[in-house]
Amino acid sequence: MSGARHSLWLGGALLIAAAAVLLLGAGVGSTGFDSVLHARHDPVAWQILWDIRLPRTLGAWVAGGLLGLAGAVAQGLFRNPLADPYLLGSASGAALGVALALALFGTTPFATQWAVRLGLTGAAFTGAVIGVVLTLALAKGVQHTLRLLLAGVIVGVVLGAARDLVTIASPDTLQAMQGFMLGSTGFVGWAACGVMAAMGLAALLVAASLGRVLDGLALGEATAISLGLPLVAVRAVLVAVLALATGAAVAQTGLIAFVGLASPHLVRSIVKTTHGRLIVLSALMGGLLLMAADVLARWIIAPQELPVGVLTAVLGGSYLLWLMHRRRRPGGGL
Amino acid sequence: MPAALQAQGIGVALGGTPVLHGIDVALPAARWTSVVGPNGAGKSTLLKTLAGLLPHSGEVQLLDRPLAQWRGRERARRLAWLGQGEQGADDLSVWDVAMLGRLPHQPWLAPPSGADRAAVEQALRATQAWDWRERPLGALSGGERQRVLLARLLAVQAEVMLMDEPLANLDPPHQADWLLLVRELVARGKTVVSVLHEIGMALHADQMVVMAQGRVHHQGACDDPATHQALEQVFDHRIAIHPLGDQWVALPR
């Protein structure tokens with residue numbers, strides 16, 4: 001079928017573009033491409049390349065992939081093109097989880113140890129699950145889109161306030177949390193990459209394998225039930241996947257907005273396909289978007305750098321406005 | 001004639017408001033039954049209840065077994081349901097939408113089998129949607145979309161098929177095609193139950209359930225004068241049933 005063929009082409013193009021941006025990312029920095037060219041003979045250049053630039057650029061790709069995946073799952077699960085990990089309380093819950101972990105265990109988001117990265121991911125995952133469950137409870141299910149989004153906003157504000165309270169109560173985490181709130185890949189090392197990749201692979205396998213259920217759900221809950229799909233169990237699993245993907249990304253890179261929302265839209269504007277393929281392609285698109293944004297954030301005002309979360313918020317916000325403008329036009333869709 | 005679906009004392013409340021009251025109905029196997037009645041009579045609610053999609057009091061039996069005792073996928077293979085104006089899935093291709101009808105037959109994670117592909121092709125050809133199989137559902141007109149959704153129902157190859165307003169958006173030639181298709185299905189031993197607003201089309205069925213105010217007002221053969229009388233009654237005598245050749249037509253008074 002042509003949808004499969006187009007999806008394969010798009011997937012290949014996204015991988016090639018990601019490889020190109022990875023190369024670019026390895027060369028962007030105060031020492032430029034010199035570090036890449038001299039890495040084999042110069043231990044300092046090697047250290048810059050291997051310990052700093054490569055893990056952070058690859059980390060941006062994996063974190064973006066997690067957010068893109070979470071966005072595609074959220075939009076399919078809630079049958080809503082505006083659903084996004086940030087609008088369903090999962091990101092604010094994850095941020096609260098990280099703030100609590102930092103305050104209680106006195107750790108730092110710059111830590112590179114595996115145990116710390118896993119601990120932060122666990123705290124973020126727990127917070128994300130709580131955020132989504134609170135949103136669903138407040139919205140009394142997922143049937144009413146407006147109520148769901150409103151509940152997500154309320155939960156986001158309340159959990160955000162709780163996070164601020166935790167941060168203020170532990171002044172020594174204030175600086176770390178500020179960097180975290182702006183979103184940054186600056187403290188992503190190989191341990192963070194490994195944790196995100198493992199979580200991402202698990203989330204991708206589970207979500208893509210449930211793609212056919214999301215296809216059935218696309219025609220409505222009643223149709224899905226009439227097809228014998230176990231909706232209650234599948235919803236619980238997909239909410240866990242959503243929370244795991246968001247939690248893993250937020251724990252390692254902080255709050256990075258709009259990647260989850262924009263990635264599935266961009267994929268759908270190029271290819272119309274099943275949810276199984278959409279989830280994989282959205283992950284690839286999210287990875288490319290965040291990696292490109294990260295390189296841009298390091299390059300625009302070099303040798304200083306912009307927090308990548310600020311850049312994605314500005315670019316993503318503009319994209320959302322454009323989508324809304326298109327929606328008002330005859331034939332424009334969201 | 002054994003009943004494919006049987007409802008005893010069915011009551012349904014939606015949002016706290018009672019919608020169906022003590023419905024007793026038996027829908028014969030290998031026959032076409034049409035369900036008609038004025039707006040708000042509870043036709044769609046009855047169909048959804050018979051499909052096991054709504055919580056209810058009383059008991060529904062599918063093929064002589066209580067509906068609650070059927071496992072989800074097993075029930076889905078025996079009973080297929082087409083909802084009223086199903087929305088969404090605009091990004092899926094026509095082929096993928098029709099393939100959803102095979103979900104109850106497919107093992108978890110297994111790709112579609114040869115039998116699945118054959119069933120989908122047969123269904124798409126039966127509704128004349130085969131030529132657009134690669135187009136996204138969202139790119140089709142209302143009538144074309146309805147034919148694809150009908151193909152999704154046919155692809156299930158269930159013994160019992162429930163259709164809620166299957167003629168919505170279909171032009172007269174395709175309504176006539178649907179009629180032929182239903183007759184062919186019944187001739188092959190399938191049970192078809194359809195909610196219809198087109199009384200003239202509904203009168204082509206074998207049986208008719210006439211509903212009003214959440215109750216079954218009458219059930220009988222479509223050529224029975226008592227059925228015609230019941231139809232005229234529930235529509236406040238604003239329509240009259242007349243013979244036309246070997247058919248019956250409903251005309252406004």
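Two strands pair if DSSP finds at least two bridges between them. Helices and strands are themselves DSSP runs, numbered from the N terminus, with at least four residues (H or I) for a helix and at least two (E) for a strand.

With those terms in hand, a word on the model. It is predicted, and local features need pLDDT of at least 70, side-chain atom pairs count only at pLDDT 80 or more, and totals for chains, interfaces and linings use all residues. Residues are numbered from 1 along each chain as its sequence is written, while chains are lettered from A and ligands numbered from 1 in the order in which they are written.

**A sheet in chain B**

Let us start with the strands. Chain B holds an open sheet of four strands in the order β2-β1-β4-β5, with antiparallel pairing. At its edges sit β2 (17-28) and β5 (65-66) of chain B, each of which pairs on one side only. Strands of a sheet pair through backbone hydrogen bonds, either parallel or antiparallel.

Strand β4 (residues 57-62) of chain B is joined to β5(B) by two bridges in the antiparallel sense, and L62(B) stands opposite R65(B) of β5(B). These two strands form a hairpin with two residues between them, and in the turn L63(B) has a positive phi of about 50°. β4(B) also pairs with β1(B), again antiparallel, over five bridges. There, S57(B) in β4(B) is the bridge partner of G11(B).

Helix α1 (residues 43-50) of chain B lies across β1 (3-14), β2 and β4 of chain B and runs at about 120° to β1(B). For that angle, axes are lines fitted to C-alpha atoms, for helices over the stretch in contact, and angles run from 0 to 180 degrees between N-to-C directions.

**Where the chains meet**

Two residues are in contact if their C-beta atoms, placed from the backbone, lie within 7 Å. The contact between the chains takes 23 residues from chain A and 24 residues from chain B. On the side of chain A that touches chain B, α1 (2-27), α9 (211-217) and α10 (221-226) of chain A each supply at least two residues, and α10(A) gives the most, with four residues. That side of chain A divides into eight nonpolar, 10 polar and five charged residues. Here Ala, Val, Leu, Ile, Met, Phe, Trp, Tyr, Cys and Pro count as nonpolar, Asp, Glu, Lys and Arg as charged, and the others, Gly among them, as polar.

**Helix and core**

Helix α4 (residues 90-105) of chain A has 16 residues and reaches 22 Å from its first C-alpha to its last, close to the 22 Å expected at 1.5 Å a residue; the expected span is 1.5 Å times one less than the number of residues. Of its 16 residues, 13 are buried, and α4(A) is mostly covered. A residue is buried if 20 or more other C-beta atoms lie within 10 Å of its own, exposed if 12 or fewer, and partly exposed in between, with C-beta atoms placed from the backbone.

A nonpolar core is a set of buried Ala, Val, Leu, Ile, Met, Phe, Trp, Tyr and Cys residues joined through C-beta atoms within 7 Å. The largest one has 178 residues, of which L66(A), V73(A), V98(A), A245(A), A98(B) and L162(B) touch the most other members. Helix α13 (residues 275-299) of chain A gives the most to this core, with 15 residues. Leaving out residues up to four places away in sequence, the contacts of L162(B) include L47(B), W81(B) and V193(B).

| Residue | C-beta neighbours within 10 Å | Class |
|---|---|---|
| T273(A) | 26 | buried |
| E165(B) | 20 | buried |
| Q106(B) | 16 | partly exposed |

T273(A) lies in the loop between α12 (259-270) and α13 of chain A. Not counting residues up to four places away in sequence, T273(A) touches G3(A), S7(A), L278(A) and D91(B).

Q106(B) sits in the loop between α3 (94-100) and α4 (114-126) of chain B.

E165(B) belongs to the loop between β7 (160-164) and α6 (172-187) of chain B, and has a positive phi near 50°. D236(B), in the loop between α8 (225-234) and β11 (239-244) of chain B, has a positive phi of about 55° although it is not a glycine. Most residues other than glycine have a negative phi.
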